[in-house]
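Me: I want to know what stands behind the labels on this model. Take me through them one by one.

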Amino acid sequence: AAQVMAAGGDPHIIAMVTDDIDLAMQKIMSAFEQVDMVITSGGVSVGDYDILVDIFQKWDGQLLFNKLAMRPGSPTSVGVRDGQFLFGLSGNPGASFVGFELFVRPVLWGMQGKEQWHLPQRQAHFVGNYEKPGTFQRFVRGICYGKDGKLFAKPVGIDKSSIVTSIQEANCLIVIPSEVTSVTDNDIVNVIQLEVSE
């Protein structure tokens, strides 16, 4: 809800739904009648309680994509029904945060008529050393700062999807491409700025 507000939207929070496919479907369909888009968190992976997968198979909308080669947020799913988006974000807060910034914010900004839909990207000098686990593209929560006319970016701490403290401290996402296995001190990296001045 805070991210929706920060992106210029007006969130309407619906109470948590139990792992009941029919009930969740009813709540989502009802929400479509009241709002411009629906955003869910959780239930999009492959476990016994990940019911959003079943909803995307049963509903009368179109699934645009399900599962992405990225971390965090690989289970992110997006569909559209009668011109309205259904965003299925991860239940892990770090993954949900990244999924929102990469996929939901651009749609919200586009709906508001903004010319620039995406968060600005810049290049920065990496601070420290980072070994990327796995082969997926990774979005590392980080701190960007200027010094001596240069922009620097460093990871902001533990980068696990379940950790929330590093979300509030981060002002950028450091992009580590899929083909890169490690980043060393002073390497040039792309960063997505999270703090946007209007």
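Me: How many residues of the chain count as buried, as a percentage?

Reply: Of the 198 residues, 42% count as buried. Buried means under 20% relative accessible area, exposed means over 50%, and partly exposed lies in between, with a 1.4 Å probe and protein chains only. This is a predicted model: local features need pLDDT of at least 70, side-chain atom pairs count only at pLDDT 80 or more, and totals for chains, interfaces and linings use all residues. Residues are numbered from 1 along each chain as its sequence is written, and side-chain values use heavy atoms, with hydrogens and water left out.

Me: Why is Phe87 called buried?

Reply: Phe87 has 2% relative accessibility, so it counts as buried.

Me: What makes Phe85 partly exposed?

Reply: Its value is 24% relative accessibility, so Phe85 counts as partly exposed.

Me: Why is the pair of Phe85 and Phe87 called stacked?

Reply: A pair of aromatic rings is described by the distance of the centres and the angle of the planes. Rings of Phe, Tyr and Trp (its six-membered ring) pair if their centres lie within 6.5 Å; planes under 30 degrees apart count as stacked, over 60 as edge-to-face and the rest as tilted. The structure holds 5 aromatic pairs. For Phe85 and Phe87 the centres are 5.5 Å apart and the planes are at 25°, so the pair is stacked.

Me: What makes Phe56 and Trp59 edge-to-face?

Reply: Their ring centres are 5.5 Å apart and their planes are at 85°, so this pair is edge-to-face. Phe56 and Trp59 are both buried. Ring pairs also join them with Phe32 in a cluster.

Me: Why does Arg138 count as buried?

Reply: Arg138 has 12% relative accessibility, so it counts as buried. Arg138 sits in strand 8, residues 137-147. Strands (E, at least two residues) and helices (H or I, at least four) are DSSP runs, numbered from the N terminus.

Me: Which residues is Arg138 in contact with, leaving aside neighbours within four places in sequence?

Reply: Among them are Arg71, Tyr130, Asp159 and Ile174. Contact means heavy atoms within 4.5 Å.

Me: How do you know that the chain is as compact as a globular protein of that length?

Reply: The chain has 5 helices and 12 strands. Its radius of gyration is 18 Å, close to the 16 Å that the globule rule gives for 198 residues, so the chain is as compact as a globular protein of that length. The radius is taken over C-alpha atoms, and the rule is 2.2 Å times the number of residues to the power 0.38.
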